[in-house]
Amino acid sequence: MALQTFRRSTFWHRLDVRGAPYAFVAPFFVVFAAFSFYPLLYTAWISLHRVELSSMDLMEWVGFDNYVALWEDERFWNALANTFTLGVVSTVPQLLMALGLAHLLHYRLRGSVFFRVAALTPYATSVGAAALVFTMLFERDFGMINWLLELVGLSPVNWENDKWAAQLAISAIVIWRWTGYNALLYLAAMQAVPGERYEAAALDGASRWQQFRMVTIPGIRSTVVFTIVLSTIGATQLFGEPLIFGQGPNGITGGADNQYQTLGLLLYEEGWKNYQMGRAATIAWAMFLLLVLIFVVQRVVRRLTARPAGARRVLSRSGQS
Amino acid sequence: MTTDSLQVPAPERRPAAPADRVRRPVRRRLSLRPGAGRQHHAGPVAYALLIIATLASLFPLYWTMVAASSDNSRVSRTPPPFLPGPHLFENLGKAWQDAALGKAMTNSLIVAGVIALSTVLFATLAGFAFAKLRFRGRNVLLMLVIGTMMVPPQLGVVPLFMMMSDLGWGQQLPAVIFPTLVSAVGVFFMRQYLGEALPDELVEAGRVDGAHSLRIFWSIVLPVARPAMAVLFMITFVHAWNDFFWPFIALDMTNPTVPVALTQLSAGYVRDQSLIMAGALLGTLPLLAMFVVFGRQIVGGIMQGAVKG
């Protein structure tokens, strides 16, 4: 009898030690599988059908018709090009400025907490509110930006109608919201760079700028890669900023001439304005393939340009806690 | 002495950490103390640049307040006004009515609150397992978690929309709550934190005393994890409050969250510019208040969760 309870408790104990870790990580994977992974795969299936928003249970198989139609649709190429240019214009200056800001914040400072919190404040502002404010700042007739331009003797810009001006204004919203956040990520990485490396560089007579280039930048390489990856993903998904910047009906089409319509907006327009869910799924899947393509290209480029022992990966760093 | 207490701790493989590591105060990891890097004092140029950056960060918010406190003719004046006007509360009240912000605020509070609570709970559970428990496939699973950060959830909106209407959650809050109950960033964050802050000895001592895993989690891990959980709660709350794409699709104007309700302001329902700004201000105020009180902790948390190297 005593032996039996003893065995049973060993059994339960083993089950606990072996099984508990899986039980603890399971909720994450279950929710991810149900609401992210499965929908992603199902998107591919839907994209091979004609499905309308009003009758979503009726799926009519059309093979690759949606893809052919998308390929021949110039709105798609326009949205793809806009997503690309908006992505570049919003991401590149943002990360460069974040790097500079992080460098400044890395100095020994009075009020460093204040500067850090202030830099992060835009991140607390929702897309909705930020886009509303910037739409007003970029207003054609009484906006502050045009007033400033006139003040220094330049002619005012029609920020909404002009393609490049609109994309610049929308990028400004993205840059404003995310620069401080990225700066804090860089700052955290800069603080983790061992001080000896700077001392060694200083001993070799490196100037501050050289130290920044030769010690700081290589030292935070994984973080830079990480932010590039996340910003690229964010840029391909751009939706709220152009939608609100366009103020209502003009927002979904990305301006009267689709001058700033992104893939995200086109997806929404096809699905929820034209009621073509199959086509919307096609666009979503095209966006996913685009992301995959970007990372394959990036991988290849990195492999071609990497120095032998240069590339340390995000994961290998995070493995050591 | 039973056999099970003998087989659990593996002292040969895990040398005991030095005592100072055990006693290290947990909160230190979240402080803003600068690291060991070589640090110069900032010169006047650095301060000047930082002040410019700060102004750029804060000015749009300040200007929101200026516009929200003016009437329409004052906002559209040239040169634009730089000081607050007298109509702030009047405009806030009107915007609250016109954009149905009362309902939106309640909805956002529920959505962001539930999402933040569940994210913190599940992230702490998973983070603890990844940081301190040994199991087959741990590294592969952790890599999977990080890999999921690369899959934007937006891409699944079409089937998600169908799923939600099948479940009877069309235009209902569960439609925006369920897909974001967990977060990979959160799991990674808690793993980093617990890996440093939770001494192995504490977990092993719990085992020796015969506590089962959930009990160890409850009585040993949770007290240690509390500061990081608070920070993760706030960061997740901010994200959930500001989430836009999926709520915009899943909800309609009769039952919106705050960012969804704000689009109504731009879409021509309200033409008055100062009211639009009042609405934008209202929608941002709860988070701004949180930043004023807990900004330091949120900054520390974001830096703590960063991939370093």
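A: Let's start with confidence: pLDDT is the predictor's confidence in each residue, from 0 to 100. Two residues are in contact if their C-beta atoms, placed from the backbone, lie within 7 Å. This is a predicted model, in which local features need pLDDT of at least 70, side-chain atom pairs count only at pLDDT 80 or more, and totals for chains, interfaces and linings use all residues. Residues are numbered from 1 along each chain as its sequence is written, while chains are lettered from A and ligands numbered from 1 in the order in which they are written.

The part to look at is chain B, together with the side that touches chain A. The mean pLDDT of chain B is 83, with 85% of its residues at 70 or more. Please read residues 1–38 of chain B with care: pLDDT stays under 50 there, and the model has 54 contacts beyond four places in sequence for this stretch. For the model, the scores are ipTM 0.86 and pTM 0.85.

Now the fold. Chain B has 15 helices and zero strands; helices (H or I, at least four residues) and strands (E, at least two) are DSSP runs, numbered from the N terminus. Of the 309 residues in chain B, 46% are buried. A residue is called buried if 20 or more other C-beta atoms lie within 10 Å of its own, exposed if 12 or fewer, and partly exposed in between, with C-beta atoms placed from the backbone. Among the contacts in chain B with a separation of 6 or more, 79% join residues 24 or more positions apart.

The UniProt record, an unreviewed entry, lists "transmembrane region" for residues 45–63, 109–131, 140–164, 176–195, 216–241 and 275–294 of chain B. The positions are given in the numbering used here, feature names are shortened, and annotations may be inferred rather than shown by experiment. Two of these spans can be set beside the model. Residues 275–294 of chain B are 100% helix and 0% strand, with end C-alpha atoms 29 Å apart. Residues 176–195 of chain B are 70% helix and 0% strand, and their end C-alpha atoms are 32 Å apart.

Gln192(B) is in helix 10 (residues 184–197) of chain B. Gln192(B) counts as buried because 22 C-beta neighbours lie inside 10 Å. Between Gln192(B) and Pro153(B), which are 39 residues apart in sequence, the C-alpha to C-alpha distance is 24 Å. Gln171(B), for its part, lies in the loop between helix 8 (157–166) and helix 9 (173–177) of chain B. Gln171(B) has 15 other C-beta atoms within 10 Å, so this residue is partly exposed. The phi of Gln171(B) is positive, about 60°, although the residue is not a glycine.

How many residues of chain B are in contact with chain A? There are 101, and they meet 93 residues of chain A. Helix 15 (residues 273–304) of chain B supplies the largest share of this side, 15 residues. By type, the side of chain B that touches chain A divides into 66 nonpolar, 29 polar and six charged residues. Here Ala, Val, Leu, Ile, Met, Phe, Trp, Tyr, Cys and Pro count as nonpolar, Asp, Glu, Lys and Arg as charged, and the others, Gly among them, as polar.

Leu184(A) gives you a view from the partner chain. Not counting residues up to four places away in sequence, Leu184(A) touches Val299(B), Ile302(B) and Met303(B), as well as Arg116(A), Ala119(A) and Leu120(A). Leu184(A) also belongs to the largest nonpolar core, which has 169 residues. Such a core is a set of buried Ala, Val, Leu, Ile, Met, Phe, Trp, Tyr and Cys residues joined through C-beta atoms within 7 Å. The residues with the most contacts inside this core include Leu184(A), Ala126(B) and Leu232(B). Helix 7 (residues 163–192) of chain A gives the most to this core, with 17 residues.
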